[in-house]
Every structure is written in C-alpha cells, then in structure tokens.
Amino acid sequence: MSTVSVAQLAKLLSSLGITYQSYQHPPLATCQDADKLALEREGTRLKNLFLRDNYGRQHFLLITTADKQLDLKALSKQQGLSRLGFASDNRLQHYLGIKPGCVSALATVNDPQQQVQLWLDEALCEAALWQCHPFENDKTWVLSLSDLQRFWQHTGHQPVWLTLPERTVTR
C-alpha cells in the first residue's frame with residue numbers, strides 16, 4: 001500500500017476546498033504528552049484509537065474526546081463483536097500507513113479499500129473544530145467537522161456515530 005505524504009495530504013485538502021489551522025509543536029505520542037506541555041490550540045482535543053476484533057478480521061478507527069475512559073469490553077458487547085482490543089503497530093502501519101502516536105481522522109486517506117471502519121463518539125457531534133495529526137505527531141491541523149465529513153466522503157469512509165460506554169473509575 002502506498003501512503004500519502006504530508007505534502008500530498010495538504011494538496012488533497014486544498015483540492016477539496018478544505019482549509020485548516022496548523023500548529024507545530026514537540027512530538028506528542030499521547031494526550032498526556034499534550035497535557036504536560038499545556039499547549040494552546042483551537043479545537044477539540046481528541047483520542048484516536050486503532051482497534052481490531054479478537055480475530056483480527058475487522059479494524060476500527062475510533063475517535064473520542066481526549067479525557068474519555070472507554071470500556072472496550074462493554075463496547076464489544078454493544079457492537080456484537082468478539083473482544084475488541086488495540087491493534088498492533090504492524091496493523092496500524094499496514095491498514096492506515098502511520099506510526100503509533102500519529103493516528104487521526106486524516107489517516108483514512110491511506111485506506112483506499114475502506115478496510116477500517118470509522119467510529120465517532122456521539123459526544124463529538126457538536127464539536128465544530130477537531131484537532132488532527134497529519135501523519136506526524138509534531139504537527140496539529142485543526143479542521144471543521146463539516147470539512148472532515150467532506151474528506152471522509154472523498155476517502156469513502158462512512159462514519160458511524162456511537163454512544164460510547166465509559167469505564168467506571170473506582171478509587
């Protein structure tokens with residue numbers, strides 16, 4: 001599979017009439033890394049999870065709010081799937097053409113066969129601006145949800161909006 005470069009992605013977005021704000025920052029592999037730096041960026045902070053079913057036959061890019069503590073066991077049951085888990089780094093590279101720590105809504109462009117299902121947290125449906133890594137975690141591009149929807153239409157990914165079950169935190 002050939003992957004799209006950051007420059008090619010920028011050109012594609014431009015050709016689709018999509019604009020974005022761009023931020024440069026130290027590499028951020030996790031939401032906690034961003035918290036430590038206390039970066040000021042517009043838009044909603046997101047957690048991007050690349051998941052697979054127990055058999056490795058189905059793959060999912062799940063996007064939720066940065067602070068949500070997801071209950072994967074309950075989500076598996078809710079979606080009628082065998083145990084959901086995190087996909088390996090090799091699967092991430094194979095299906096979305098990116099490294100760990102660089103996952104975002106924009107990675108769907110590297111999945112032309114739509115082998116990865118796009119799951120979005122219903123809690124994000126009112127979020128006007130979304131923070132996305134453009135394949136590299138030292139950059140954040142902020143795009144509007146309507147532009148992302150146009151982008152997904154181009155990539156052939158039909159988002160599925162879900163009410164995500166949260167883990168209960170006991171202390």
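Predicted model: local features only at pLDDT ≥ 70, side-chain atom pairs only at ≥ 80, totals over all residues.

Visitor: What makes W130 and W161 an aromatic pair, and of which kind?

Guide: Rings of Phe, Tyr and Trp (for Trp, the six-membered ring) pair if their centres lie within 6.5 Å; planes under 30 degrees apart count as stacked, over 60 as edge-to-face and the rest as tilted. The rings of W130 and W161 are 6.3 Å apart centre to centre, with 85 degrees between the planes, and the pair is edge-to-face. W130 lies in strand 6 and W161 in strand 8 (residues 160–162), so the pair ties together parts that are 31 residues apart in sequence. Helices (H or I, at least four residues) and strands (E, at least two) are DSSP runs, numbered from the N terminus.

Visitor: How many aromatic pairs does this rule give, and which residues form one cluster?

Guide: The count comes to four aromatic pairs. W130, W152 and W161 form one aromatic cluster.

Visitor: What makes a set of residues a nonpolar core, and which members of the largest one touch the most others?

Guide: A nonpolar core is a set of buried Ala, Val, Leu, Ile, Met, Phe, Trp, Tyr and Cys residues joined through side-chain atoms within 4.5 Å. The largest has 35 residues, of which I63, L106, W130, F151 and W152 touch the most other members. Among the elements that each supply at least two residues of this core are helix 1 (6–15), strand 3 (59–65) and helix 5 (145–155). Apart from it lies another core of twelve residues, among them L49, F60, L84 and L164.

Visitor: How do you know which residues L143 is in contact with?

Guide: Contact means heavy atoms within 4.5 Å. Leaving aside neighbours within four places in sequence, L143 is in contact with residues including L13, Y20, L106, W130 and L148. L143 is found in strand 7. Its relative accessible area is 0%, so L143 is buried. L143 and Q131 are twelve residues apart in sequence and 6.7 Å apart in space, C-alpha to C-alpha.

Visitor: What makes the phi values of Q114 and F135 worth a remark?

Guide: Most residues other than glycine have a negative phi. Phi of Q114 is near 50 degrees, a positive value in a residue other than glycine. For F135, phi is near 75 degrees, again positive in a residue other than glycine. Q114 lies in the loop between helix 4 and strand 5, and F135 in the loop between strand 6 and strand 7. At 37%, Q114 counts as partly exposed, whereas F135, at 10%, counts as buried.

Visitor: Why is a space called a pocket and not a cavity?

Guide: On a 1 Å grid over the protein atoms alone, a cavity is a set of points where a 1.4 Å probe fits but cannot get out, whereas a pocket is an open set with protein on both sides within 12 Å along at least five of seven lines; lining residues have an atom within 4 Å of a point. The largest pocket is lined by 32 residues, of which A29, T30, K47, N48 and L49 lie nearest its centre. Strand 2 gives the most to this lining, with five residues.

Notes:
Residues numbered from 1 in each chain as written. Heavy atoms only, no water. Buried < 20%, exposed > 50% of the residue type's maximum accessible area, 1.4 Å probe, protein only.
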